[in-house]
Amino acid sequence: MSSSEPRDAVPAPSRVRAAFEGEPLEAEAGASVAAALIGEGRQAWRTTREGRPRGLFCGIGVCYDCLVEIDGESGQRACMIPLRDGMEVRRTGVPGDARTIDDEEASR
Ligand code: FES
């Protein structure tokens, strides 16, 4: 620390850079994938069999509403997994269902 910096200066949090559906997804280090998606304004990123939008609900790994595909592995709980540099996150449907939603549908 130089003499010009305040003693109680807090270092800027490091950022993690990943991708969601090929688009940049960025958050502070330690943020979950769900927190990163919410931070980017996404409220839902998958649908139920009935086509209802789902995203973050419980936030503690219980409800499985937040499922995503991470680095090719489907069925990952976005609320339980920290975002990592280079991570590839994709939407996922229910097993056997290839449907996905876009943000316009999710906002309805
Ligand atoms: S939000 Fe409930 S398991 Fe992730």
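What share of the 108 residues in the protein is buried? Buried residues make up 25% of them, where buried means 20 or more other C-beta atoms within 10 Å of the residue's own, exposed means 12 or fewer, and partly exposed lies in between, with C-beta atoms placed from the backbone.

1. Basis. This is a predicted model, in which local features need pLDDT of at least 70 and side-chain atom pairs count only at pLDDT 80 or more, while totals for chains, interfaces and linings use all residues. Residues are numbered from 1 along each chain as its sequence is written.

2. Confidence. The average pLDDT (the predictor's confidence in each residue, from 0 to 100) is 85 for the protein, and 80% of the residues score at least 70. Over residues 94–108 pLDDT stays under 50. For that stretch the model has 20 contacts beyond four places in sequence, a contact being two residues whose C-beta atoms, placed from the backbone, lie within 7 Å.

3. Elements. The protein has two helices and seven strands, taken as DSSP runs (H or I of at least four residues for helices, E of at least two for strands) and numbered from the N terminus. Their order from the N terminus is β-β-α-β-β-β-β-β-α. Of the contacts with a separation of 6 or more, 45% are between residues 24 or more positions apart.

4. Five strands make an open sheet with mixed pairing, in the order 2-1-7-5-6; two strands pair if DSSP finds at least two bridges between them. Strand 2 and strand 6 (73–77) are at the edges with a single partner strand each, so one side of each has no neighbour in the sheet. From one strand to the next the twist averages 40°, with axes as lines fitted to C-alpha atoms and angles running from 0 to 180 degrees between N-to-C directions.

5. Strands 1 and 2. Strand 1 (residues 15–20) and strand 2 run antiparallel and are joined by six bridges. Ala 19 is opposite Pro 24 in strand 2. The two strands form a hairpin with two residues between them, and Glu 21 in the turn has a positive phi of about 55°.

6. Strands 5 and 7. Strand 5 pairs with strand 7 (residues 88–90) in the antiparallel sense, over two bridges. Ile 70 has Val 89 in strand 7 as its bridge partner.

7. Leaving aside neighbours within four places in sequence, Val 68 is in contact with Val 33, Trp 45, Gln 76, Ala 78, Val 89, Arg 90, Arg 91 and Thr 92.

8. Positive phi. Most residues other than glycine have a negative phi. Tyr 64, not a glycine, has a positive phi of about 65°. Tyr 64 lies in the loop between strand 4 (53–54) and strand 5, and is exposed, with 12 other C-beta atoms within 10 Å. Asp 71, also not a glycine, has a positive phi of about 50°. Asp 71 belongs to the loop between strand 5 and strand 6 and counts as exposed, with 12 C-beta neighbours inside 10 Å.
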